[in-house]
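Please keep the sequence and the coordinates open while reading.

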Amino acid sequence: KKSCKFSNLEYLNALNMIDIPTGFQKTISYFSFAFRKDVWQKVKILTIGAIICPGSRTVCNVLRCVGLRWEKNFPKYHRVLNRDKWSAFLLSKVLLGLVVKTFVPKGAPIVLGIDDTIERRWGRKINKRGIYRDPVRSSKSHFVKCSGLRWLSLMVLTSLPWLQTGIYWALPVLTVLCPSKRFYTNQGKRIKKLTTFANQMICWLGRIGKDLHHPIYLTGDGSFATLELFMNAQKCNIGLIARMKLNARLYHLPPAKKPKNKPGPVPPVGKRILSMEKRLTDKRIKWKSVTFSHWYGSTDKRMLMTSGVAIWRKSNTVIVKVKWVLLKDPEGKSEPVLLACTDFELDSKKIVCFFVRRWRVEVTFAEVRRHLGVETQRQWTDLAIERTTPCLMALFSIVCLFANTLTSQKVQPNHAAWYKKKGVTFSDVLAAVRLELFQKTKLLISHEKYLINSYSDNVRTLWFLLTQAVA
């Protein structure tokens, strides 16, 4: 047992192994101001360990990957998540600015996607856990429920240097935990809906967006097509694009002058427009044929489109002016889609193109589960739970920022005889970043030389390393 423990000098050598490459160090240094000096050293170790870790993203497994499995004072790394003081919202602001500065061209609009996902978790100690519909395993004919945590994530939909033209990735910048109704009932508090968290995200984005100097557009599915979100987005100067129901209450713009034969004030809205379901079959409607490239992963897709400006109304006080776009498939394979945008001066084709980008949000949710260990962490305290998953989601964007410092030759698709990739995926980007870390750091060098004193010790150590790698 004594031979398997580090002395103080050997422990310091293990810490000095993690020498982050220059390009990665420059990127990660933007976040250092949010932590104390001693906490920042632990954050760097956990960040590099979470990237190179091949299994579950527990703190102990991360420490094993960086050669600190004999660290006696290991609880101090757990305290980074469950006790130390640092602001996740402040780090999200820095990450958003860094992603926009790196990947969004100057003057180009910032397109973001918002969506929720379920992290499957069990445990009596998880207070904010609930029973939700599993969007991954459910379908129109099959309903599956699961126990877990519901997260609302905000992602930047942008192109990256190693991607083909017209292909976009979703880079998470802000992830918020949305507790279940049971949690608010047990606490005796007012129930906070998913749209309320989305409304707060729009307000946060409106404050941050003033310093970005880019037009901002936010895309979401039908869950975010509410009058309250549209009205708040207009106040915050954000173009919200969402999918609406075909039976939405849309009205013509109010008349410029009050009709002479009608007493009273000028009506706030005009007459109700022709319903979208009737427009699909009405021969008087003029349709415009538009071909979209990279339509939900395919090459080209021809759609018929018509648009207009109307007022979406719930009452005389709750009204919002929107631009609607109605799409239908001439081949009849896809269902008709009605989109609404708060920026009624935006071109109709751009509205559709911005909305099509949001399908990459689901791809990012799958990638962080497969490659970054989401749903494998084992935190039980409320603060650690609220911090761990957002950090793993943000690690997807940080890995892309690291890969941007590499040459284009290092970020290449990994082909196989039975699988020829057409483009770069996140697994290729993660492999390039890991390879750079292994080459530039001393993680591949064994620092336990004192264990290899004889042939039997050599074989025993090699057998231990092989079993750990296989496990």
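## A buried threonine

Apart from neighbours within four places in sequence, Thr-364 is in contact with Met-155, Ala-170, Pro-172 and Phe-396, where contact means heavy atoms within 4.5 Å. Thr-364 belongs to helix α12, which covers residues 360–371; helices here are DSSP runs of H or I with at least four residues, strands are runs of E with at least two, and both are numbered from the N terminus. With a relative accessible area of 3%, Thr-364 is buried (buried means under 20% relative accessible area, exposed over 50% and partly exposed in between, with a 1.4 Å probe and protein chains only).

## Basis and confidence of the model

This is a predicted model, in which local features need pLDDT of at least 70 and side-chain atom pairs count only at pLDDT 80 or more, whereas totals for chains, interfaces and linings use all residues. Residues are numbered from 1 along each chain as its sequence is written, and side-chain values use heavy atoms, with hydrogens and water left out.

The average pLDDT of the protein is 86, and 92% of the residues score at least 70; pLDDT is the predictor's confidence in each residue, on a scale from 0 to 100. Among the elements, the lowest mean pLDDT, 48, belongs to helix α1 (residues 8–17), and the highest, 95, to strand β4 (residues 169–178). Over residues 1–14 the pLDDT is below 50, and this stretch has 20 contacts in the model beyond near neighbours in sequence. Where pLDDT is low, predicted coordinates should not be read in detail.

Phe-396, already met as a contact of Thr-364, forms a stacked pair with Phe-426, at 4.3 Å centre to centre and 20° between the planes. The pair links distant parts of the chain, 30 residues apart, with Phe-396 in helix α13 (residues 382–404) and Phe-426 in helix α14 (residues 426–440). Phe-396 is buried, at a relative accessible area of 2%, and Phe-426 counts as buried at 1% relative accessibility. Ring pairs also bring Trp-162 and Trp-169 into a cluster with Phe-396 and Phe-426.

## Salt bridges

The whole structure holds 14 salt bridges, each defined by a side-chain nitrogen of Lys or Arg within 4 Å of a carboxyl oxygen of Asp or Glu. In one of them, Asp-134 meets Arg-120 at 3.2 Å, N to O; Asp-134 sits in the loop between β2 (130–133) and β3 (145–158), and Arg-120, 14 residues apart from it, in strand β1 (residues 110–120). Asp-134 is buried at 1% relative accessibility, whereas Arg-120 is partly exposed at 24%.

Which residue forms a salt bridge with Lys-410? The partner is Glu-436, with the closest N and O atoms 2.9 Å apart. Glu-436 is in helix α14 and Lys-410 in the loop between α13 and α14, 26 residues apart; Glu-436 counts as buried, at 6% relative accessibility, and Lys-410 is partly exposed, with a relative accessible area of 40%. Arg-284 and Asp-282 form a salt bridge as well, their closest N and O atoms being 2.9 Å apart, and here Arg-284 is exposed at 67% relative accessibility, while Asp-282 counts as buried at 17%.

## A buried valine

Val-62 is found in helix α4 (residues 59–65) and is buried, with a relative accessible area of 5%. Not counting residues up to four places away in sequence, Val-62 touches Ile-45, Leu-46, Gly-49 and Ala-50. The C-alpha atoms of Val-62 and Gly-49 are separated by 4.9 Å, although the two residues are 13 residues apart along the chain.

Terms used: Rings of Phe, Tyr and Trp (its six-membered ring) pair if their centres lie within 6.5 Å; planes under 30 degrees apart count as stacked, over 60 as edge-to-face and the rest as tilted.
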